[in-house]
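The sequence and the structure are shown first.

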Amino acid sequence: MLSHEDNELLTRTNVGTPMGDLMRRYWIPVVFTDQIAKPDCPPVRVQLLGEKLVAFRDTKGRPGLIDERCPHRTASMFFGRNEECGLRCVYHGWKFDIHGECVDLPSEPEGSNLQRKVRIKAYPCHEQGGLVWAYMGPAELKPEFPELEWTMVPDSHRYVTRRIQECNWLQGLEGGFDTSHLAFLHRGTAGTNRRVVPSQYAVVPTEFGFMAGTGRVQKEGEVNWASNLMCMPFHKVFATSPEAAHMWVPIDDENTMLYSVDYWPDRPLSEEYLERTITHHGIHTENLPGTDIPIHNKSNDYNIDRDLQASGESYTGMEGLGVQDAGIQESMGPIADRSIEHLGVSDTAIIQIRKLLLQSLKDFADGKTPPGLDPVSYRARSTRFDLPEGASFEEAIKEQLKRDYGSVAAE
Ligand code: FES
Ligand SMILES: [Fe+2]
């Protein structure tokens with residue numbers, strides 16, 4: 001469990017909150033590049049960390065992200081005209097460029113110095129990995145773009161989807177590192193069989209966030225460990241086939257944009273794979289056309305099929321991993337009340353996540369540089385390996401990191 005105060009601290013990301021300030025020190029995904037595909041295309045509404053914004057691409061093809069509210073009298077820039085390297089508010093014609101400069105102010109008398117003084121809030125953008133990203137922190141502290149492997153491979157090697165989850169970002173992140181639910185919620189294989197539930201859990205703090213390990217005794221005297229990366233502030237990278245990653249990006253305190261990535265570091269994803277994954281497994285939730293809202297969502301109880309659940313064919317009666325995760329995480333409320341939980345050994349990773357995030361916030365408040373701002377640190381990889389029973393996961397991970405960084409240093 002967590003005190004009410006700590007729960008507030010970890011979950012709130014609006015302007016001026018400690019977690020919000022910390023998160024704004026990192027690059028944050030905004031839209032898919034093809035949502036603002038062409039120069040001067042229509043702008044797109046975006047909400048990030050409680051801030052209502054508008055993304056657009058200017059005449060030179062540069063992406064921009066500005067406040068949705070016009071600084072004149074707060075009309076929505078979404079309705080603006082995207083023309084000649086700027087977005088023009090259609091109420092009185094004020095026009096702003098991607099840097100937030102007012103480049104035209106036709107409603108005022110010639111020579112008025114209002115144009116020089118007025119600005120619109122604007123965030124620097126960067127395009128990588130099929131997404132537009134923004135940096136929403138203090139300009140002088142902008143870090144280099146993190147070297148997340150999936151953002152660096154050719155488009156053909158990567159498949160990214162996104163969907164809105166109607167709950168706080170931390171519920172999603174915690175769900176991503178909650179490994180004991182797999183055998184229940186997703187596979188339903190556990191029942192009362194304890195052997196399919198992992199028996200060992202460990203979290204190792206790192207330069208970029210942490211490595212979470214889940215150990216299963218697979219044969220006498222040997223533990224099979226899977227390690228998942230948490231990269232600050234909301235990334236998960238995990239070893240599966242193909243490789244995968246998630247990002248839980250706060251829209252506001254009660255809604256999250258979940259990005260799901262599948263990729264191969266060295267080859268394109270096959271048509272067959274995409275067909276199988278998307279269409280038949282339902283791993284990637286299908287959204288209502290033209291939206292980020294899943295078809296199976298809170299308003300329809302995720303179209304739960306009680307007959308299927310009763311038959312035992314499906315543990316939950318909900319179709320697809322993504323729907324099961326969303327359904328159950330949203331059922332905890334928009335912001336889970338962690339002060340009334342009862343945590344067990346299987347929640348070790350969850351407890352550690354909170355400790356690490358709280359420590360990061362404390363260090364941040366003390367003026368220390370947030371973890372993971374060195375772009376190279378994101379090159380660490382998620383792995384699976386066997387260790388003799390009793391051998392330290394922490395030691396193995398430290399050696400692996402040394403290996404990874406060693407190769408980086410050798411370049
Ligand atoms: S409100 Fe935008 S120009 Fe007046
Ligand atoms: Fe899950």
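## Iron site

In sequence, the residues that donate to the iron ion (ligand 2) follow the spacing H-x4-H-x138-D. Helices and strands are DSSP runs numbered from the N terminus (H or I, at least four residues, for helices; E, at least two, for strands). Both H181 and D325 are buried, where buried means under 20% relative accessible area, exposed over 50% and partly exposed in between (1.4 Å probe, protein chains only).

The protein donors of the iron ion (ligand 2) are H181 (NE2), H186 (NE2), D325 (OD) and D325 (OD), at 2.0 to 2.5 Å from it. Donors are N, O and S atoms within 2.8 Å of the metal (3.2 Å for Na, K and Ca); water is not among the atoms, so sites may look incomplete. The arrangement is irregular because the four donor atoms subtend angles of 56 to 156°. Four donors count as tetrahedral if all angles lie between 85 and 135 degrees; four count as square planar and six as octahedral if opposite donors are over 155 degrees apart and all others between 65 and 115; anything else is irregular.

## Basis of the model

The model is predicted: local features need pLDDT of at least 70 and side-chain atom pairs count only at pLDDT 80 or more, while totals for chains, interfaces and linings use all residues. Residues are numbered from 1 along each chain as its sequence is written, chains are lettered from A and ligands numbered from 1 in the order in which they are written, and side-chain values use heavy atoms, with hydrogens and water left out.

## Pockets

The largest pocket has a volume of about 930 Å³. Its lining comprises 42 residues, and L182, K236, F238, T240 and L321 lie nearest its centre. By class, this lining has 12 nonpolar, 21 polar and nine charged residues. Pockets and cavities are found on a 1 Å grid over the protein atoms alone: a cavity is a set of points where a 1.4 Å probe fits but cannot get out, a pocket is an open set with protein on both sides within 12 Å along at least five of seven lines, and lining residues have an atom within 4 Å of a point.

The second largest pocket holds about 430 Å³ of space. Nearest its centre, among 19 lining residues, are D178, H181, M332, D347 and I350. The elements that give two or more residues to this lining are α5, α9 and α10 (348–365). The lining divides into five nonpolar, eight polar and six charged residues.

## Helix α5

In α5, eight of eight residues are buried; among them are W169, L170 and Q171. N168 caps the N-terminal end of α5, with a side-chain oxygen 3.0 Å from the backbone nitrogen of L170.

## Cavities

The structure holds two cavities of 30 Å³ or more. The largest cavity contains about 70 Å³ of space, and of its 13 lining residues the closest to the centre are Y26, W27, P146, G372 and Y378.

The second largest cavity has a volume of about 50 Å³. Of the 13 residues that line it, P294, H296, N297, A326 and E330 are closest to its centre. Helix α9 gives the most to this lining, with four residues.

Conventions: Points joined across faces, edges and corners; volume = space filled by probe spheres on them. Nonpolar A, V, L, I, M, F, W, Y, C, P; charged D, E, K, R; others polar. Polar contact = N/O pair within 3.5 Å; in protein donor to acceptor, adjacent residues only side chain to side chain.
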